[in-house]
Amino acid sequence: MSLELNALINGELMNNGDWLEIISPIDNKPYGRVPALKEKEIKQAFQTARQAQKPWAKLTLFERISYLRKWADLLLVHKTKLAKTMAYEVGKSLKDGQVEVERSIEYIDYTIEEAKRVFPETLTGDGWNVQNKLGIFSRVPKGVVLAISPFNYPVNLSIAKIVPSLVVGNSVVFKPATNGSLTGLYMAKLAHEVGFPKGVFNVVTGRGRDIGDLLVLNPEIDVISFTGSVAVGNHIRKLGHGKDLVLELGGKDPALVLKDADLAKAVKEIIGGAYSYSGQRCTAIKRVLVDETIADELVARLKTEVSKLEMGSPLENKAIIPVIDIKAAEFVQELIDDALAKKATLVIGNQRKDNLLSATLIDHVTADMRLAWEEPFGPVLPIIRCKNVEEMIMLANKSNFKLQACIFTNDINAAFKIAGELETGTVNINGRTQRGPDSFPFLGIHDSGQGVQGICETINSVTRFKGLVINY
């Protein structure tokens with residue numbers, strides 16, 4: 001099957017005659033193609049977004065909502081086709097793809113309700129001993145938002161940037177990841193059917209080397225919302241000086257397993273947290289820091305559960321599916337090989353065919369191994385044995401990635417104390433690291449990101465206060 005979809009610029013589906021092939025992780029063969037846009041088309045997208053933004057913002061909130069509701073309805077109708085596109089394009093199981101679309105529709109519904117509650121703040125001068133002054137401070141759209149999404153959640157993490165921006169009156173230029181572009185343009189086709197005003201929502205695709213800097217440097221941009229790699233995120237930090245940035249980058253999320261932990265509960269959460277979607281999630285559990293007195297039992301239990309994970313095609317809803325491409329698989333293999341060469345112990349796994357890697361569990365990983373610090377984005381989990389809680393905290397905090405962590409213990413006092421000492425965006429107690437619920441704030445610090453996401457927080461990031469002071 002070959003799928004060909006057009007970009008969306010100024011309300012028109014278009015291409016420039018130059019195409020970019022999208023390689024499927026299932027068989028490493030072309031699945032479809034998208035326009036490889038150039039400078040001319042990118043400039044047009046931003047110019048039309050700027051021109052369309054003010055008229056869009058002048059519509060009533062309910063008028064803007066009506067467009068988004070129609071889009072959500074079409075996403076639901078096309079749920080199965082979107083899931084199939086995701087399966088071929090990013091290797092997501094058909095079941096998980098449909099769940100992602102459903103979750104995204106719920107995200108739209110929740111965002112609409114939150115937008116209805118963005119009320120002005122009213123202040124008087126009395127608190128500063130100033131009489132006869134009344135201040136009304138409203139949230140207004142910042143203008144043009146550049147939204148750049150990753151491959152791993154091509155619907156949900158796109159909707160999470162686009163919909164909060166549009167509902168409050170911004171216009172959007174959306175650039176999906178290369179693998180994810182077909183899904184993004186499918187969503188654009190549905191938006192075109194809805195009939196958004198021209199220029200309000202634009203979707204562009206192309207080779208990163210051709211348009212990456214053109215996108216970020218465009219003078220029309222007011223906000224850049226990016227989810228992806230640390231390297232690209234840091235490049236955007238440099239180029240995006242003067243623009244408001246929201247960056248969601250990598251993670252090396254640790255699971256701290258204390259000696260009093262409920263191991264059955266911990267194992268269930270760790271398996272789901274580490275291996276779902278073959279570990280291709282920034283919030284995946286990517287290392288286990290365990291008290292050495294219970295390490296043997298924990299590893300034995302984990303081995304049993306890992307052995308049950310079936311590998312194969314996302315079209316068959318297998319638990320372990322191919323990672324996004326050969327290059328990604330080679331990187332994961334490098335980390336595994338480095339650990340084993342330095343005397344780590346292979347518990348199970350380490351089988352590979354092209355970009356399909358088996359679920360791999362490695363014990364006795366130490367701080368001199370790359371696997372202890374680098375983000376694999378694949379189905380491999382290192383076990384690091386620790387003498388005490390203090391060593392766990394030290395190793396957790398030593399990483400430059402500081403997205404999330406999780407603690408397994410039956411001592412709630414210890415959990416709160418450790419959580420307070422962990423330097424990270426979010427700490428989960430007796431549960432896996434994860435993005436949701438989408439209504440929660442979601443954030444990372446240092447190499448894991450900048451700014452805060454979540455529905456309310458994203459609305460805040462794409463709006464600013466504007467004050468009106470009445471003197472009477």
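Does C282 count as buried or exposed, and at what relative accessibility? In this predicted model, C282 counts as buried, at 11% relative accessibility, because buried means under 20% relative accessible area. C282 takes part in no disulfide; the nearest cysteine sulfur belongs to C406 and is 14 Å away. C406 is buried as well, with a relative accessible area of 0%. C406 is likewise in no disulfide, and the cysteine sulfur nearest to that of C406, at 13 Å, is that of C386.

P382 is placed in strand β19, which covers residues 380-386. Between P382 and G208 the C-alpha to C-alpha distance is 32 Å, and the two residues are 174 positions apart in sequence.

On the surface, a patch of positive charge is formed by K54, K58, R464 and K466. The elements giving two or more residues to this positive patch are helix α1 (39-58) and strand β27 (463-471). K58 lies in helix α1 and has a relative accessible area of 73%. K58 is therefore classed as exposed, since that class begins over 50%.

Note on methods: Residues are numbered from 1 along each chain as its sequence is written. This is a predicted model: local features need pLDDT of at least 70, side-chain atom pairs count only at pLDDT 80 or more; totals for chains, interfaces and linings use all residues. Side-chain values use heavy atoms; hydrogens and water are left out. Patches are made of residues with over 30% relative accessible area and no salt bridge: like charges are joined within 9 Å, nonpolar side chains (Val, Leu, Ile, Met, Phe, Trp, Tyr) within 5 Å. Accessible areas come from the Shrake-Rupley method with a 1.4 Å probe; for residues, only the protein chains shown count as cover. A salt bridge is a side-chain nitrogen of Lys or Arg within 4 Å of a carboxyl oxygen of Asp or Glu. Lys and Arg count as positive and Asp and Glu as negative; His and the chain ends are not counted. The place of a charge is taken as NZ of Lys, CZ of Arg, CG of Asp or CD of Glu. Helices (H or I, at least four residues) and strands (E, at least two) are DSSP runs, numbered from the N terminus. Buried means under 20% relative accessible area, exposed over 50%, partly exposed in between (1.4 Å probe, protein chains only). A disulfide is a pair of cysteine sulfur atoms within 2.5 Å.
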